[in-house]
Every structure is written in structure tokens, then in C-alpha cells.
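Hi,

Here is the structure I promised to pass on to you. Please open it first, and then read my notes beside it.

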Amino acid sequence: MYKLFKLRNRKNKVAMELYSILVIQARRPHFYRYWGIPDTPDGRYDMIMLHAFLVLHRLKYDHYNTKNISQALFDLMFEDMDKNLREMGVGDTGISRRIKQMAKAFYGRIAAYEYGLNSPDNALEKAIERNIYRNVPVAQEQITMLCKYIRQEAKNLANQRTKRLLNGRLSFDALL
């Protein structure tokens, strides 16, 4: 029993470390100042979801060894969303509904971003415009720069060793 608790605690610690790193990256002022990401709760949520996608996308390459960390990261992310909604004053009855909507939106983004990364056309640009820049005036150059960053980070993360990630170590490249 103690061994199971110790393993679960280690998994949660690694997930927390990975999540902390991706949140710090998602909150970099460059995204909001230069690339036109709305600096709003929705815009910050979108950037956290984007970076979570990138990390989960990388972890998927070695699914056998990373499935527990991937699940712990996903769970932690939505626990954090729950906590943030509560801090913003959303009541208990509204939280469950909102979290379900957020999870559904995240799954949709995963599918769209995954398809966009693997598609030779501009599917990623369309997905980013639709999901991150929805209802916001944006220059095509800003969409292009964000998509270039996403592709660069997908490659950067693909080159990071699984063992490093399983130890809670993750690094993002400098912004373009």
C-alpha cells in the first residue's frame, strides 16, 4: 500500500513540475503584447491549453512510459481550472458544467492542433484563428508567428528525452 502511495505521489509531483513550467511559458507577456493573444481569462486559458497540448503531444510519443504522467498532468490541469473558477466566484453548481465545457473544448483543440501539425495545408493556422483569436481582430502575421512557434516547440519537445520529462524537467525554446 505504501509503495502505491509513494508511486502516486511521485507521479503527481512530476505532473506539478511539468504543469508549472508550461503555465509559466503560457503566461509570457510576449504572447499577449506582440502576437495579439487576448490578455483575458479566456486568452490565458487558451494559452495554457495550447502548451498543455504541446506537452501531451510529446508525451504521446512514448505512451507506454508516459501514460500515467499524461493522465496526472491532465487531471492536475483541470483541478487547477476548477480552483481558478472558484476563486473567480463561480458557484459549485456552475463549476461542474464549466469544467465539462472546458474539457470538451480541450479535446476539440487537441484534435484540431494535432491535425494541423500533421497537415501540409494551413489547417493549424485556421485552428489557431478559430480557437485562440476567436472574436478578436488579428493580423495574419500574428497567426503565422504563433503557428511557427507551435511547430518549433513541437520539434523542440520531440527532441527532449522521455527520462528528462519523467523527472519533471521540460524546456521551451526562446520565443521567436
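This is a predicted model: local features need pLDDT of at least 70, side-chain atom pairs count only at pLDDT 80 or more; totals for chains, interfaces and linings use all residues.

Residues are numbered from 1 along each chain as its sequence is written, and side-chain values use heavy atoms, with hydrogens and water left out.

Let's begin with H3 and H7. Helices here are DSSP runs (H or I, at least four residues) numbered from the N terminus. The axes of H3 and H7 are 9 Å apart, and the two helices pack at about 35°. Axes are lines fitted to C-alpha atoms over the stretch in contact, with angles from 0 to 180 degrees between N-to-C directions. On the H3 side, the contact includes Met47, Leu50 and His57; on the H7 side, Leu146, Tyr149 and Ile150 are among the residues. Contact means heavy atoms within 4.5 Å.

Next, H6 (residues 123-131) and H7 (residues 140-158) have axes that come within 10 Å and cross at roughly 115°. That makes H6 roughly perpendicular to H7 (the term covers 65 to 115 degrees). Leu124, Glu125, Ile128 and Glu129 of H6 meet Ile143, Leu146, Cys147, Ile150 and Arg151 of H7.

Finally, the second largest pocket holds about 290 Å³ of space. Of its 14 lining residues, Leu56, His57, Lys60, Ser70 and Ile110 are the closest to its centre. A pocket is an open set of points on a 1 Å grid over the protein atoms alone, where a 1.4 Å probe fits, with protein on both sides within 12 Å along at least five of seven lines; lining residues have an atom within 4 Å of a point. The volume is the space filled by probe spheres set on the points. H3 (41-60), H4 (63-87) and H5 (92-117) each supply at least two lining residues.

Happy exploring!

Note on methods: Angles under 35 degrees count as roughly parallel, over 145 as roughly antiparallel, 65 to 115 as roughly perpendicular and the rest as oblique.
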